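Q: Hello! I am new to protein models, and I would like to learn how to read one feature by feature. Could you take me through this one?

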Amino acid sequence: MTNALKKPSKDFQTRLDTAKKYRDAVRDDLEEALFFISPGRENDLFDRRPEPTDEAENDTYMSLPEDLASDFAADLVTYFTPAESTWTNYIVTAPVPKEAARQVTELVSERETEIQEMIEASNYNDVAPQIMFEANHGTVAMWVEQAHLTQPLHIDPVPPHELLITPGHMGILDRFREKHVLAQHLPVTFDKYPEVDISDTRLQTAMKRPGQTVKCCWGFWVNWTDPGNPKWMMEATVDGIGVMPNGPVEIGPIAGSCPLHVGRFNPQIGKPWGRG
């Protein structure tokens, strides 16, 4: 089966194009910040290949900015998500009858413990410094997923060259992630989404070539049709090919359903990217 000229939905494409414009607007600032705090990383932006002279130039840089940026990231981890103590909480937003207060309190305590244990079993403490390092330029993002119910959570830092965001309703950002993956890993990459169809002959051909990579793009935004119960929507493309014939799908409630988490440090009104 061939998805000839299959394109993503207009909703997906319009939001993605807008997100690219917002990132293009801060491109110079991101490159300057990354060059200052982590020389060489500015070449990661927008798939730009480093020049032959970059390595020699980087040999002469002063390490103080990168040391300070790393210290700042470590301080954020220590203050907000310390490995040696519980930092998660579970909030009950619905009214609770007085006679049920004790039972609900015990249930909340159990859930807080479960959440903390899931985090401790994951690789979060290993990658937390990498995640918080991005606060230096202003926008922190991470991808949270579980390969299987029997496996621990896996946390993946999302750098700015993979991230695209736009201002959304009620302050919730529309968000996209673009990432190059091995074509042979496409089946497991989209294993949780039965709506994804990778039978396109171009993708099948790529999957048969060892070492061949493709660019996956995931898009997430909130459907506010029911303001009392908003839902996350998701759609994806591979090398620009629409792989969801029926368009975006609902993946769950606004709390906890989206794998792409984004935080901003020193944001400006009406702008999605933080300033650091």
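A: Gladly, and let us begin with burial: a residue is called buried under 20% relative accessible area, exposed over 50%, and partly exposed in between, using a 1.4 Å probe and protein chains only. Arg177 has a relative accessible area of 3%, so it is buried. Please keep in mind that this is a predicted model, where local features need pLDDT of at least 70 and side-chain atom pairs count only at pLDDT 80 or more, while totals for chains, interfaces and linings use all residues. Residues are numbered from 1 along each chain as its sequence is written, and side-chain values use heavy atoms, with hydrogens and water left out.

Q: With which residue does Arg177 form a salt bridge, the closest N and O atoms being 2.7 Å apart?
A: First the idea: a salt bridge is a side-chain nitrogen of Lys or Arg within 4 Å of a carboxyl oxygen of Asp or Glu. Here the partner of Arg177 is Asp156, at 2.7 Å between the closest N and O atoms. This pair links distant parts of the chain, with Arg177 in strand β4 and Asp156 in strand β2, 21 residues apart. Such labels come from DSSP runs, numbered from the N terminus: helices are H or I with at least four residues, and strands are E with at least two. Arg177 also forms a salt bridge with Glu162, where the closest N and O atoms are 2.9 Å apart. Glu162 sits in the loop between β2 and β3 (163-166), and both Glu162 and Arg177 are buried.

Q: Which residues are linked in a network of salt bridges?
A: The network links Asp156, Glu162, Arg177 and Lys179. By the rule above, the count comes to 10 salt bridges. Another one joins the side chains of Arg15 and Asp174, at 2.7 Å from N to O. Arg15 belongs to helix α1 and Asp174 to strand β4, 159 residues apart. Arg15 is partly exposed because its relative accessible area is 23%, whereas Asp174, at 9%, is buried.

Q: How much space lies in the largest pocket?
A: Rolling a probe the size of a water molecule over the atoms shows where empty space is left. On a 1 Å grid over the protein atoms alone, a pocket is an open set of points where a 1.4 Å probe fits, with protein on both sides within 12 Å along at least five of seven lines; lining residues have an atom within 4 Å of a point. Grid points are joined across faces, edges and corners, and the volume is the space filled by probe spheres set on the points. The largest pocket holds about 1500 Å³ of space. It is lined by 45 residues, and Trp143, Val144, Glu145, Pro259 and His261 are the closest to its centre. Strand β1 (139-145) gives the most to this lining, with six residues.

Q: How do the residues of that lining divide?
A: Ala, Val, Leu, Ile, Met, Phe, Trp, Tyr, Cys and Pro count as nonpolar, Asp, Glu, Lys and Arg as charged, and the others, Gly among them, as polar. The lining of the largest pocket divides into 28 nonpolar, 10 polar and seven charged residues.

Q: What about the second largest pocket: how much space lies there?
A: The second largest pocket has about 340 Å³ of space. Among its 15 lining residues, Val26, Asp29, Trp273, Gly274 and Arg275 are the closest to the centre. Helix α2 (27-37) supplies the largest share of this lining, three residues.
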